[in-house]
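Please look over the sequence and the structure shown below before reading on. The report that follows goes through several parts of the structure in turn.

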Amino acid sequence: MTEPNISTLIELAEQGDEVSAGKLFSLLYRELHRLAERQLARQGEVSISATTLIHEAYLQMAAQVGHSFPDQGRFMAYAARVMRGLIIDHVRNRLAIKRGGRFELTSLTTDIGDVLGNEQELSRIGHALDELAGVDPLLSQVVDLKFFCGFSFGEIAEMMRISERTVQRKWEKARIYLHRSLRADLPA
Amino acid sequence: MSTLTPEQWKRVSPYLDEALELPPEQRAAWLLTLSEKDAELASLVQALLDEQRQVEQEGFLERSPLQTGRGLAGQQVGPYRLVSKIGQGGMGSVWLAQRSDGRFERNAAVKFVNIALTSQITEQRFKREGSILGRLIHPHIAELLDAGICSDGTPYLILEYVDGKAIDQYCDARKLAVDSRIKLFLDVLSAVAEAHAALVVHRDIKPSNVLVRNDGEVKLLDFGIAKLLAQDDSNAATMLTMEAGGPLTPQFAAPEQVTGGTITTATDVYALGVMLYLLLTGQHPLGTSVRSPAELIKAIVEQEAPRASVAALTAASEAENRSGTPEKLCRQLRGDLDTILGKALKKNPQERYTSVIALADDLKRYLKHETISVRPDTFAYRTVKFVRRNRVVVALATVTLAAIIAGSGIAIYQARIAQRRFQDVRKLAHTFVFDLHDEVAKLDGSTKAREMMVQTGLQYLDNLAKNAGGDSELQKEIAAGYMKIGDAQGYPTQPNLGRIADAMASYRKAGDIYERIAKKNVSYLPDLAAYYRSYAGLFRFTDQPQRARELYEAAIQTLDRLRAQQPLDSAQENLYTRAWCNVGDVDEDVDNYQLAWTEFGRCSELAHAQLNRKRDQPSLSMVAESAERVGTAAQELGHLREALQAFDEEEAAVRELLAAEPLNPRFNRTLALMYQFRGRVYFSDAYPDYGDPKRGLENFKLYLQTAQQMLDRDPNNTAARFSVELAMVKVSYCLQKSDPSAAILLARDSIRMLDQMIASNKGERNRAVAHRAEGLRKLGEAQLNAGQLAEARRSSDLALAVERELAQGPDGRSNLVESLILSGKTSAATGDPAHAESLLREARDEAQGIARSHELTNLIPLATAEEALGTFYAARNRTREARECYQRIVNLWQQFPESNEYVDGQKTYSKRLLASIR
């Protein structure tokens, strides 16, 4: 079975092909996960930042595909969305992972209460972000890149080809939207 | 709060961009302009900006999902090793650190400053400023040991570690009394004075920066740090705060800090004033309600703090924390402490205490019962001060005067000296009863002082009355005095001592005198008429309408008697018209709308006659007032066309009044109410099928706009606040069908406003609670229309629970009917038909109960309830039951004795309903 070409997948996903979008997601997820595992195998118990991971994924995949690979900004937008999923899953499985001594993302907590609270909150943020993506996709991208992947405003501005001030404003708006949406289930 | 629909988000998005680009201090004005163009949109943007404030406060999404607090423990900062995190705030995190370089061990607090605050800071400047602060040494100032920047660029401060409680918590935990609190506060002042002498302004004084150790030692934290973190220009701290929730705390900010004025030692004086106010009353001088930054800034700049003594009256727990009762606390604060706080909290920095030392000196004088340096210029201050400091002397004076009065009864016929003494006493009584009383009445919470005055005044008056002889002018003065005393004892519409029976007794004394002198001389008839009208009020507001009506009629007859002899002047005509209005008011109070309508019609004629004689302000006001009454009574009766005519007439009169005085609050209020009344004719709960929703909406929007303008001009105006809230509900109601999501937002805004009012506990709490139930009901209706069934059911059930509590009297009961209907509908929509049926039947039965009084407005709920029940049955193919309901509606309107546009409309409509079943 041939793996579908990632640049083809991105093209198709951008045209609204949901099957391709799904494939793109799982491809990127596997890739990011694989990179994290490999890092671990190479260096033992070690921390690796989401930012590094995602950069590495880009370099790896771009090298495989060559010229036709989409630009970094477009790739990052997808990869960041995938990274969000990876992190939420990761936090969810954190205790299990720790016991199994598998890979570790940056400075993980040892405080159990904190993990549990975080996990719920993160899942809700994830849902709200999916919703936001339907309303204003650029806002949700900024959150993926900033909050989940830890890119700076400057880096995001470069990737998205907009000004840093605009990124900051989008970040503010997205936070307002998410905050409101997360608290929407409070009684009137 | 709710998730925005994509449409709403797309609509609001560009405006939100615009708002976020503005400096925060310009946002309020910008919103105001927007709200004139589009009030709903503006309120949505406002809500989102409120949300942003919370986002900032919580640091929402600021922490990476993969980071936690333990990361830094064990790391080394300068000579200190981090032990554990002890705090996290907008400014950054604080760690307990230990120094151990072999020779000695020492705890310190390491403060890491949020990097976002400090992008402009150079390491060099940071170290330089830090070393200046490091030289600031005082037993009550926590020492700054070192300052620097970590390798990753995060600035840090190393401070003396203080193991203590924030000063307010410390005081409350130990239930310190007022004097002990002031003594502790004087320690704070000595520290601040020392820093000011070294030309260091704190800029961020607040209880959490003033710690008290277990041994009672006060330590000020963070001296000069706000400045250290600011850029070189003076208002940078403001900018930082607004952009990053940083070192300055808006709740304690002085006006010049939020308006970008010069920051001086007076800035600290202000913050100290806020803190002392908080320590003494337990309350913030600007109130406790949650606000948006824009509102807070407006309040900091414009809103005067209530006297501390008044604020103290509101919370028993605060008084208990000071080992006393609210009344005792109020007494302690009233006078000097009120004045001292007032001086420290002046909006204009130049009017505040010129130095912290001056403030400290006055507090010390207060503790020693000496005269303080500041003196308010009101008469009341001097009197109250005089009375408190010289209680014994005053008591003696009272006794002596009484003796003089008693003696003068004989002296008056004998000697000119005695005559003069009598005049002195008369002047004194006059001062006591009139000038002094009115002055003191203006002070809130002055009940005790007024009680004393009432007693003393009564004594004087009784004595004077005995000796007044045949002097009618003096008699009249005494009668007026008795009325004043009666007002203070228990006139319901003004601050009073709650002694209705005493008030009536005093009024009767006045009445005897007026009747006697009017019998002798007709020129006293107007005084007698005015007296009857005031006296009537005592009965009207204590629920004795019959007696009130008789007295209003007595006032009218008295003036008719005068009119038989001479033409009335304009003041007398005005009184005459008002008395007629009052007769109508009483009839309206007892739901006799038909009679009231006729009487108001009479008022309107009289007012027009007055206007024709002289087109001035009083006559225009009278025309507007009577038109409003005609309109509302006509509306109650279903004469909707007449009601609209009357409101149009009212509008013309009010507009003419406003043309002369555009900002007059009373005229504006009248206009706002007129819009509301007229809107209700076009579109109302009571007449759901009459009129013109578009014009209804138009009127309610104007109502909202007018009320909002009034509130903006006077944020303390509770009536205007209610109007804004009510107007939102009305506009929401109009939009229910056409724009349910906007309707939902407005209803929520209204509920939020009411929650703030309820939380801030500013009077009329019951009214706010009742309005909140109505807001919830409208929210539920809008949600039902928007298809948000579960939410609708929750809102309507919440409303119903409250309405059940409140249902007394026809108004409350018809609200209950509406609530039951709505809950029935939402239950049906959420798949609970059995519950729905029982609620709808209960609604019908409840409405049946109100309908017994055969007023139109009391029948409408029954028709509505029958229709809801009928529709419920029809939808479930229970045809027979549905038909019975609809048949009862047809009968109800057929039997209604009168014919007007509303009733006729209902006749046709109900027949159509019935026909739909066959």
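## Nonpolar cores

A:A79 touches A:L28, A:I54, A:A57 and A:Y58, leaving aside residues up to four places away in sequence; contact here means that the C-beta atoms of two residues, placed from the backbone, lie within 7 Å. The model is predicted, and for that reason local features need pLDDT of at least 70 and side-chain atom pairs count only at pLDDT 80 or more, while totals for chains, interfaces and linings use all residues. Residues are numbered from 1 along each chain as its sequence is written, and chains are lettered from A and ligands numbered from 1 in the order in which they are written.

A:A79 is also, together with A:M83 and B:V45, one of the residues with the most contacts inside the largest nonpolar core, which has 192 residues. Such a core is a set of buried Ala, Val, Leu, Ile, Met, Phe, Trp, Tyr and Cys residues joined through C-beta atoms within 7 Å, and a residue is buried if 20 or more other C-beta atoms lie within 10 Å of its own, exposed if 12 or fewer, and partly exposed in between, with C-beta atoms placed from the backbone. This core draws at least three residues from each of domain 1 (6-58) and domain 3 (567-662) of chain B, where the domain bounds come from an automatic or database domain assignment. A second, separate core of 77 residues includes B:V188, B:A195, B:A266 and B:Y353.

## Chain B as a whole

The secondary structure of chain B comes to 39 helices and nine strands; these are DSSP runs numbered from the N terminus, helices being H or I with at least four residues and strands E with at least two. Of the 918 residues in chain B, 47% are buried.

## Strands of chain B

An open sheet in chain B has three strands in the order 7-8-9, with antiparallel pairing, and two strands pair if DSSP finds at least two bridges between them. Its edge strands, strand 7 (164-166) and strand 9 (218-220) of chain B, each pair on one side only. Three bridges join strand 7 to strand 8 of chain B, and B:G164 has B:R213 as its bridge partner in strand 8. Strand 8 (residues 210-213) and strand 9 of chain B likewise pair over three bridges, and there the partner of B:V212 is B:V218 in strand 9.

Elsewhere in chain B, strand 5 (residues 144-149) and strand 6 pair in the antiparallel sense over five bridges, and B:D146 has B:I158 in strand 6 as its bridge partner. Because five of the six residues of strand 6 (residues 155-160) of chain B are buried, this strand is largely enclosed by the rest of the structure.

## A pair of helices

How do the axes of helix 23 and helix 24 of chain B cross? The axes of helix 23 (residues 525-540) and helix 24 (residues 545-565) of chain B come within 8 Å and cross at roughly 170 degrees, where axes are lines fitted to C-alpha atoms, for helices over the stretch in contact, and angles run from 0 to 180 degrees between N-to-C directions. Helix 23 of chain B is therefore roughly antiparallel to helix 24 of chain B, a term for angles over 145 degrees, whereas those under 35 count as roughly parallel, 65 to 115 as roughly perpendicular and the rest as oblique.
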